[in-house]
Amino acid sequence: MAEKPVLSVINLKTYFYLEKQVVKAVDGVSLDVYKGRITALIGGSGSGKSVMSLSIFNLVDKPGKIIDGEIWLNGVNLRKLSEKQLLKVRGKEISMIFQNPTSSLNPVLKVKEHLAEVIQTHNNEIVKKEALSMFRDVLFRVGLKNTDQILESYPFELSGGMCQRVMVAMGLLAHAHVLIADEPTSSLDLTTQAAILEELMRLKNEGLAVVLITHDLGVVAQMADDVYVIKDGKIVDSGTVYEVFQSPKHAYTKSLLDAVF
Ligand SMILES: Nc1ncnc2c1ncn2[C@@H]1O[C@H](COP(=O)(O)OP(=O)(O)OP(=O)(O)O)[C@@H](O)[C@H]1O
């Protein structure tokens with residue numbers, strides 16, 4: 001691929017130091033994520049998908065630790081940044097939507113306050129009125145219609161799908177370059193799942209780089225451009241979705257595909 005990746009992970013290792021053993025949750029993963037493409041990360045339960053995405057944000061808690069590797073975002077190695085510098089990157093340049101959208105938002109903040117937090121650190125001079133019209137606009141873009149009411153709502157007053165969309169809106173407002181979606185639809189009903197997936201496609205078409213972590217290989221076949229298969233913390237297969245699904249190189253990929261198709 002001629003274009004440079006927006007996000008490049010090189011030889012990343014994240015281990016959990018337990019009393020009796022070391023769990024090598026991510027064990028030398030390298031992957032490239034491109035603008036305007038959906039990159040899927042697939043693998044069975046416990047293969048390292050979530051630890052991988054948390055590592056990108058440096059959000060791995062003890063006893064876990066990133067012990068090696070580089071994480072390049074638009075030419076900056078995130079592993080060299082201080083926690084203060086990383087705060088500016090998280091949710092701004094890379095945003096993330098999690099499995100459980102309701103608990104990913106702060107329960108004591110209204111939607112408008114979540115959105116305000118995004119622009120405060122980003123763009124102080126925006127006056128209140130302009131900010132509100134930007135918020136309405138961005139909520140509308142993610143398919144939320146009753147924007148004035150939603151702005152005044154707390155997360156618990158919204159459905160899971162609505163919270164998910166608020167998180168996507170926060171990423172849009174921040175002009176994020178990369179969106180990492182970790183099982184973004186797992187807790188949602190079918191109609192909302194379809195709407196969120198459609199939204200991800202739209203964002204990709206707008207030029208965002210999307211990393212999609214999912215168990216749902218049907219969704220991957222339908223939506224992804226590139227695929228990485230992770231097993232026991234290691235990438236065992238990768239390529240375009242066509243390459244990986246048509247001619248899987250690793251027996252593990254074949255078994256994942258056989259279980260579904
Ligand atoms: N806090 C922790 N302490 C110890 N081990 C952990 C911790 N968190 C994750 N692990 C281990 O790291 C490995 C990778 O876990 P991870 O959550 O990344 O898997 P996953 O691929 O996201 O699974 P799933 O699809 O079920 O969400 C697993 O062996 C898991 O047990």
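**Briefing: sheet, helix and ligand shell**

Asn-11 is found in strand E1. The model described here is predicted. E1 belongs to an open sheet of four strands, in the order E2-E1-E4-E5, with antiparallel pairing. Helix H1 lies across E1, E2 and E4, and a ligand has 14 residues around it.

**Sheet**

- The strand order is E2-E1-E4-E5, the sheet is open, and the pairing is antiparallel.
- E2 and strand E5 (76–77) stand at the edges with a single partner strand each, so one side of each has no neighbour in the sheet.
- Strand E4 (residues 64–73) and E5 run antiparallel and are joined by two bridges.
- Across from Asn-77 in E5 stands Trp-72.

**Helix on the sheet**

- H1 lies across strand E1 (7–17), E2 and E4.
- The helix runs at about 65° to E2.

**Ligand shell**

- Among the 14 residues around the ligand, those that come nearest are Ala-25, Ser-45, Lys-49, Ser-50 and Val-51.
- At least two residues of the shell come from strand E2 (22–33), and at least two from helix H1 (49–56).
- H1 gives the most to the shell, with three residues.
- By residue class, the shell holds seven polar residues, six nonpolar ones and one charged residue.

**Backbone points to check**

- The peptide bond from Lys-62 to Pro-63 is cis, and its omega is near 5°.
- Pro-63 is found in the loop between H1 and E4.
- Asn-11 in strand E1 has phi near 50°, a positive value in a residue other than glycine.
- Asn-11 counts as exposed because it has 11 C-beta neighbours inside 10 Å, and the cut-off for exposed is 12 or fewer.
- Asn-74 also has a positive phi, near 45°, and is a residue other than glycine.
- The loop between E4 and E5 is the place of Asn-74.
- Asn-74 has 14 C-beta neighbours inside 10 Å and therefore counts as partly exposed.

Technical notes:
Residues numbered from 1 in each chain as written. Predicted model: local features only at pLDDT ≥ 70, side-chain atom pairs only at ≥ 80, totals over all residues. Near = placed C-beta within 6 Å. Nonpolar A, V, L, I, M, F, W, Y, C, P; charged D, E, K, R; others polar. Pairing = 2+ DSSP bridges. Contact = placed C-beta atoms within 7 Å. Axes fitted to C-alpha atoms, helices over the stretch in contact; angles between N-to-C directions. Buried ≥ 20, exposed ≤ 12 C-beta atoms within 10 Å, placed from the backbone.
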